[in-house]
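Hi,

Here is the structure I promised to pass on.

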Amino acid sequence: MDHKQLKEFPNDFLWGSASAAYQVEGAWQEDGKGASVWDDFVRIPGKTFKATNGDVAVDHYHRFKEDVALMKEQGLKTYRFSIAWTRIFPEGRGEVNQAGLDFYLALIDELIKAGIEPMVTLYHWDLPRTLQEEYGGWESRKIIEDFTNYAAVLFEAFRGKVHYWVSLNEQNIFTSLGYLLAAHPPGVTDPKRMYEVNHIANLANASVINKFHEMKIPGKIGPSFAYSPNYPINSDPKNILAAENAEDLMAHYWLDVYLWGEYPIAAMNYLNEQGIAPTIEPGDMDLLRSAKPDFLGINYYQTATNAYNPLDGVGAGKMNTTGKKGSSEETGTPGMFKKAENPFVERTNWDWEIDPQGLRIALRRITSRYRVPVIITENGLGEYDKLTDDHQIHDQYRIDYLAGHVHAIKEAISDGAEVLGYCTWSFTDLLSWLNGYQKRYGFVYVDQDETQEGSLARYKKDSFYWYQELIKTNGQEC
């Protein structure tokens, strides 16, 4: 719909930015920290771009005061970051490592002093290695108790300081890349195990949300989901059905559980036919139905366009992790859908579709189906950035990308969506998991590359000043 005049952003809108512990902190063996599954996975040859790792990352652990000072200068209203489980419990359980807890308390206090609302993610993929070795990590229901206990320690430690909590980050990504594509730990290709793991993660997420509310923690909690709205390639009914299949299996399969405590009927029917549906024990669905998130976090980067895929059709293909445009492979789920190239949108050098209007569509769909407040917990452009001789970074392409998405949020708010905040990915440059340090996302350039021998000096990009002005005017210009 078109509006005669768009609504303004709420006065208390949370303009923010985001990061994840493994991608920024470094200090991987300091102050009693235990090893995570990512500390091992990055050392397997061929798993990451040029064998890059997070041992040092961008050294946020030692430079957090410098980074928070930059956030304050930019005017951030919130900073979303994750806790490394292994800093709190080096073995995943047992005695609290006070030094690890003290680091996060110091970071939180520094943010509060700067007038920035801390937004804490409990789990952003760095599972303690001990739990993986002891009982298979997310493959065992034992993790529900361990994850809930870990969360409860943080809830109490940060009570009254942190008012926004993200329970699980991109559960759909860490389960599928870990157990379908073997691209994340534990490096498995087994759809049955993937759906079993995902169901246990759903139970753990529900348990933690209930614990938060039982403890009467002041604030809000919800999961974040990597949502790519699905389109059909054209109006051929077979392709429209393929898009419906993709939306059910790739989106509703998580979102319906988070918001309703139910799995979508068509998707579960498909999994049962394939013999890969999860094991649902007595009481499981009661637990899922009982957990009510206060908001839904959405990590939005791209849309997905779909076409018919027969039973003997395309399966999973390789992702582009090199930055060589056009190198990603065709991918799909036989009998359900396959990805098609959308001729109406541009793509990044990593073959991600650039589709700001898709964010408006995402917010419209979520609002209509679930009627829940949303925080955009991630949105950003990963691209090559060039540092000039006088330490300038002219990233107009990032400004254009972010401006388009902010405008889409404003349109969605005008449509009736309740959006609480917007966190860009990311504040500083960071380790982009499989993609190394060449894929940059931040407002702040960090002198770090695949040699991992950079000075780690920070330089403000043009986009830093653009976002600074956007925050100052509360998005009036978008």
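Predicted model: local features only at pLDDT ≥ 70, side-chain atom pairs only at ≥ 80, totals over all residues.

Let's begin with S426, which sits in the loop between β14 (419–425) and β15 (444–446).

**Two positive phi angles**

While you're checking the backbone, take a look at R371. Its phi is positive, about 50°, even though R371 is not a glycine. You'll find R371 in the loop between α13 (356–370) and β13 (374–378). Is R371 buried or exposed? With a relative accessible area of 72%, R371 is exposed, since anything over 50% counts as such.

H391 is another non-glycine with a positive phi, this time about 65°. The loop that holds H391 runs between β13 and α14 (396–415). H391 has 38% relative accessibility, so it counts as partly exposed.

**The chain as a whole**

Why call it compact? A compact globule of 478 residues would have a radius of gyration near 23 Å, and the chain comes in at 21 Å, which agrees.

Some other numbers for your notes:

- Of the 478 residues, 61% count as buried.
- Among contacts with a separation of 6 or more, 76% are between residues 24 or more positions apart.
- The accessible surface is about 18600 Å², and carbon and sulfur atoms make up 50% of it.
- There are 47 positive and 67 negative side chains, and the centres of these two sets lie 2 Å apart.

**Aromatic rings**

I also went through the rings. A pair of aromatic rings is described by how far apart the centres are and by the angle between the planes. Counting pairs with centres within 6.5 Å, the total comes to 40 aromatic pairs.

Take F64 and F103 as one example: the ring centres are 5.6 Å apart and the planes stand at 85°, so this pair is edge-to-face. The pair links distant parts of the chain, with F64 in helix α3 (residues 60–74) and F103 in helix α5 (residues 98–113), 39 residues apart. Both of these phenylalanines, F64 and F103, are buried.

W85 and Y150 make another pair. Their ring centres are 4.7 Å apart and their planes lie at 10°, so this pair is stacked. Because W85 lies in helix α4 (residues 85–88) and Y150 in helix α7 (residues 142–157), the pair ties together parts that are 65 residues apart in sequence. W85 and Y150 are both buried too.

Finally, which residues do ring pairs link into a cluster? They are F9, F13, W15, Y422, F443, W466 and Y467.

Cheers

Technical notes:
Residues numbered from 1 in each chain as written. Heavy atoms only, no water. Rg over C-alpha atoms; globule rule 2.2 N^0.38 Å. Buried < 20%, exposed > 50% of the residue type's maximum accessible area, 1.4 Å probe, protein only. Contact = heavy atoms within 4.5 Å. Areas by Shrake-Rupley, 256 points an atom, 1.4 Å probe, with all protein chains shown as cover. Lys, Arg positive; Asp, Glu negative; His and termini not counted. Charge placed at Lys NZ, Arg CZ, Asp CG, Glu CD. Phe/Tyr/Trp six-rings, centres within 6.5 Å; stacked < 30°, edge-to-face > 60°. Helix = DSSP H or I, 4+ residues; strand = E, 2+ residues; numbered from the N terminus.
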